[in-house]
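Dear colleague,

Please read the notes alongside the model.

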Amino acid sequence: GLIYSGTDELGMMAVLSLMIDHYGYDVKVAAVYFGETEGTSAGSAYDMETVKVNLEQHLASLNVPVVEQEEADMEIVVLTTPAQNILNSKYINRTIDYLNSNIAKGIPTILINSAPSVYSGSLEYRMMRECETSMLLSYSSWNTVGNSVGLALGNGISRYLYLHSRDNSSNKADIAFLKGLIFSYAKDISYQKGGGKELFNKYLAAKSWSASNFYQSDSQVAEVNSELEKLLKTSDYNVTVGDIIDNMTGHRYFKSLEGQSGIIRKINISNYSAPFFRTFEIRFDIDVRLSDATMSDFRDSMTVSMPYQPQE
């Protein structure tokens, strides 16, 4: 019954609504803002309400209450347009410090960057160098603020509900979750905001090929797909696909809400393509391998368990 300024996220919201009904748990969230404009700025030209109202309307449509931090099951951290551009670094510093604090405490956290164009990818550049990003439940900075909010809630709250319903997660579910998280980082940061899309546009322009047209031949398809992979794997720009893989490989992810985490052993991204010959829409495959090791009680002390098979 509600009409949002963004529509890309509505399918995700519908699935999340079904999951909330299925698990029968009234998840409660706390919202934490950095930038000091959540009550005054819409965040993008396509959003009709402030960032705070936008988030709260999405949550209200799911019957997810916003509560104080001490009562919350999880936190939603939102970076908004800075009150003054000169203070960009201050808000990024505070966001990074807060994320790292939540990760250290084992607090389930969703991250939304509602003003990626204002910060020019600086938050994400530092995230990939200073944060254990695999420990977030979800991330989004996709297109409009409404899109980002809906996508982040759909991914993050879904994962929380799943973990809340059992003692620990299955490897199959872990891999599915991590593929979704990696996909968000790769498309929102490395491609859309980190420079990959710009490089792809320049490549097509140099060929005098339209970025919003259909393919002309099979050979053009093969050439474009090959060059797209080279751009995203080898070119040096703000946050590369390689940066994301390096950041997450060997790091932890939430395997339960009781202090247990799994470890990512290997990530591979391959088969890049632009199926509709539009630079706004690319596709790729993600392969995730998990380590046999698990870590427990990372909030205070830490126990590492690694299976060992003795020699004969």
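Which strands does helix α5 lie across, and at about what angle does it run to β3? Helix α5 (residues 122-130) lies across β2, β3 (109-113) and β4, and its direction makes about 145° with β3. Angles here run from 0 to 180 degrees between N-to-C directions, and the axes are lines fitted to C-alpha atoms, for helices over the stretch in contact. Helices (H or I, at least four residues) and strands (E, at least two) are DSSP runs, numbered from the N terminus.

Before going further, please note that this is a predicted model, in which local features need pLDDT of at least 70 and side-chain atom pairs count only at pLDDT 80 or more, whereas totals for chains, interfaces and linings use all residues. Residues are numbered from 1 along each chain as its sequence is written, and side-chain values use heavy atoms, with hydrogens and water left out.

The parallel sheet

Strands β1, β2, β3 and β4 form an open sheet in that order, with parallel pairing (two strands pair if DSSP finds at least two bridges between them). Its edge strands, each pairing on one side only, are β1 and β4 (138-140), and neighbouring strands are turned by 15° against each other on average, direction ignored. Between β1 and strand β2 (residues 74-79) there are six bridges in the parallel sense, and Ala-30 stands opposite Glu-75 in β2. Helix α2 packs on this sheet, where it touches β1 and β2, and its direction makes about 165° with that of β1.

Helix α2 (residues 51-61) also packs with helix α6 (residues 145-164), at an angle of about 40° and with the axes 10 Å apart. That angle makes α2 oblique to α6, given that angles under 35 degrees count as roughly parallel, over 145 as roughly antiparallel, 65 to 115 as roughly perpendicular and the rest as oblique. The crossing of α2 and α6 is right-handed, a term used if the near helix is turned clockwise from the far one by less than a right angle, with anticlockwise being left-handed. On the α2 side the contact (heavy atoms within 4.5 Å) is made by Val-51, Asn-54, Leu-55, His-58 and Leu-59, and on the α6 side by Val-145, Gly-146, Val-149, Gly-150, Leu-153 and Ile-157. These residues divide into seven nonpolar, four polar and no charged, where Ala, Val, Leu, Ile, Met, Phe, Trp, Tyr, Cys and Pro count as nonpolar, Asp, Glu, Lys and Arg as charged, and the others, Gly among them, as polar.

Helix α5 has a helical partner as well: the axes of α3 and α5 come within 10 Å and cross at roughly 35°, in a right-handed crossing. Here Ile-92, Asn-93, Thr-95, Ile-96 and Asn-100 in α3 meet Ser-122, Leu-123, Arg-126, Met-127 and Glu-130 in α5, which gives the contact four nonpolar, four polar and two charged residues.

The antiparallel sheet

Another four strands form an open sheet in the order β5-β6-β7-β8, this time with antiparallel pairing. The edge strands, each pairing on one side only, are β5 (252-254) and β8 (303-305), and neighbouring strands are turned by 55° against each other on average, direction ignored. Nine bridges pair β6 with β7 in the antiparallel sense, and Gly-262 stands opposite Thr-294 in β7. Strand β7 (residues 283-296) is joined to β8 by three bridges, again antiparallel, and Ser-296 stands opposite Thr-303 in β8. Packing on this sheet is helix α7 (residues 171-193), which touches β5, β6 (261-273) and β7 and whose direction makes about 130° with that of β7.

Helix α7 also packs with helix α10 (residues 241-248) at an angle of about 145°, the axes being 10 Å apart, and their crossing is right-handed. In this contact Leu-181, Ile-182, Tyr-185, Ala-186 and Ser-190 of α7 meet Val-241, Ile-244 and Met-248 of α10, and by class there are seven nonpolar, one polar and no charged residues.

Salt bridges

A search of the whole structure finds 14 salt bridges, each defined as a side-chain nitrogen of Lys or Arg within 4 Å of a carboxyl oxygen of Asp or Glu. One of them joins Glu-36 to Lys-90, with the closest N and O atoms 3.7 Å apart. Glu-36 lies in the loop between β1 (29-34) and α2, and Lys-90 in helix α3 (residues 88-105), so the pair ties together parts that are 54 residues apart in sequence.
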